[in-house]
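Subject: Structure for you to look at

Hello,

Here is the structure I promised. Please open it first, then read my notes below.

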Amino acid sequence: MTRLKLGILQVNHDRSVEVGDAFPDDAHRFRDLFDAQDQRFNYRVYMTIGGEVPARVDEQDAFLITGSPLSVLDDLAFLPALYDFIRACDTAQKPLLGACFGHQAIAVALGGQVTRQDWNIGIDQVDITQSLPWMTPDASMLNLYQFHHDAVTQLPDGSVPYAHSAKCAVAGFTKGSHIFTTQTHPEFTAPFMRCVLDYTRPILSPTQIAETEATLEKRNDGPVFGQWATRFFGGNP
């Protein structure tokens with residue numbers, strides 16, 4: 001089977017003992033998600049949090065922007081170069097997937113808007129409102145991990161939402177067949193989610209913690225989204 005070249009733009013570098021030292025980083029969590037499939041990738045990780053972005057959109061067959069605890073609402077040094085690269089991918093119609101922070105960064109780079117909202121943490125039921133060619137196996141809803149405090153509140157021109165939840169009005173959008181985003185974390189696992197929740201407890205209310213913990217007994221459909229992503233990139237999981 002031909003290996004697709006997947007460039008992963010990592011926008012997080014967790015140096016905490018509790019989380020960063022205990023689990024693989026963001027790029028490796030996505031690699032673990034995809035490596036469970038038959039499709040194989042040749043990976044190239046770009047440490048975008050340190051200012052590294054691909055010099056050309058043709059360096060890889062497709063690109064993915066990871067999540068991050070950082071916010072696109074902050075004045076982050078790496079954001080201008082990341083936004084330029086997102087716009088280059090859009091112009092070239094290069095397959096680009098954004099998850100959580102990546103989803104929000106793509107929205108802002110292409111003219112949308114992100115605002116601060118209430119926390120959305122835990123497994124969230126995401127309703128799929130538009131079926132797309134790469135969404136196999138077919139599903140009308142997915143249970144997916146969420147961990148975000150910001151949200152896309154205005155879509156870029158030419159973009160179409162395909163998913164929402166009770167706590168997230170824009171849980172994902174597309175533009176043409178080359179932009180695909182999700183506010184969720186399909187790469188999260190149950191142990192990682194519980195670790196991050198424990199690490200975040202000091203800034204959450206008892207009600208928020210209880211509501212989050214109540215969701216964690218639900219199934220996780222991250223592997224299904226992983227199959228969708230692989231097909232979006234042009235592969236066959």
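A word on naming: helices (H or I, at least four residues) and strands (E, at least two) are DSSP runs, numbered from the N terminus. This is a predicted model, in which local features need pLDDT of at least 70, side-chain atom pairs count only at pLDDT 80 or more, and totals for chains, interfaces and linings use all residues. Residues are numbered from 1 along each chain as its sequence is written, and side-chain values use heavy atoms, with hydrogens and water left out.

**Cys-100**

Start with Cys-100, in the loop between E4 and H3. Strand E4 spans 96-99, and helix H3 covers residues 101-109. Cys-100 has a relative accessible area of 3% and is buried. Buried means under 20% relative accessible area, exposed over 50%, and partly exposed in between (1.4 Å probe, protein chains only). The phi of Cys-100 is positive, about 55°, although this residue is not a glycine.

What does Cys-100 touch, not counting residues up to four places away in sequence? The list is Gly-67, Phe-147, His-148, Thr-182, Gln-183, Thr-184 and His-185. Contact here means heavy atoms within 4.5 Å. Pro-237 is 137 residues from Cys-100 in sequence, and their C-alpha atoms are 22 Å apart.

H3 is mostly covered, with eight of its nine residues buried. These are Phe-101, Gly-102, His-103, Gln-104, Ala-105, Ile-106, Ala-107 and Ala-109. Just after H3, Gly-111 has a positive phi of about 105°.

How do the axes of H2 and H3 cross? They come within 9 Å, at roughly 75°. H2 is therefore roughly perpendicular to H3. Axes are lines fitted to C-alpha atoms, for helices over the stretch in contact, and angles run from 0 to 180 degrees between N-to-C directions. Under 35 degrees counts as roughly parallel, over 145 as roughly antiparallel, 65 to 115 as roughly perpendicular and the rest as oblique.

From H2 (residues 79-92), the residues that meet H3 are Leu-79, Leu-82, Tyr-83, Ile-86 and Arg-87. Their partners in H3 are Phe-101, Ala-105, Ile-106, Val-108 and Ala-109.

Asp-84 also lies in H2. Asp-84 is partly exposed, at a relative accessible area of 47%. Val-53 is 31 residues from Asp-84 in sequence, yet 9.5 Å away in space, C-alpha to C-alpha.

Gln-93 sits in the loop between H2 and E4. Its phi is positive, about 55°, although Gln-93 is not a glycine. Gln-93 counts as exposed, at 58% relative accessibility.

**H1**

Helix H1 covers residues 26-35, and its buried residues are Asp-26, Ala-27, Arg-29, Phe-30, Leu-33 and Phe-34. They span an arc of only 160° around the axis, so they lie on the same side of H1. The arc is that of the directions from the helix axis to the C-beta atoms. Their cover includes E1 (4-9), E2, E3, E4, H4 (190-200) and H6 (222-233).

**Aromatic rings**

The whole structure holds 18 aromatic pairs. Rings of Phe, Tyr and Trp (its six-membered ring) pair if their centres lie within 6.5 Å; planes under 30 degrees apart count as stacked, over 60 as edge-to-face and the rest as tilted. Phe-34 and Phe-41 have ring centres 5.4 Å apart and planes at 55°, so this pair is tilted. Both Phe-34 and Phe-41 are buried.

Tyr-46 and Phe-63 form another tilted pair, 6.4 Å centre to centre with 50° between the planes. Tyr-46 is in E2 (residues 41-46) and Phe-63 in E3 (residues 62-65), so the pair ties together parts 17 residues apart in sequence. Tyr-46 is buried at 2% relative accessibility, and Phe-63 at 0%.

Ring pairs also build a cluster, whose members include Phe-30, Phe-34, Phe-41, Tyr-43 and Trp-134.

Two arginines sit over ring faces. Arg-29 lies over Phe-192, 3.9 Å from the ring centre. Arg-44 lies over Tyr-46, at 4.2 Å. The test is NZ of Lys or CZ of Arg within 6 Å of the ring centre and within 35 degrees of the ring normal.

The peptide bond from Thr-136 to Pro-137 is cis, with omega near 10°. Pro-137 lies in the loop between E5 (113-128) and E6 (141-154).

Best wishes
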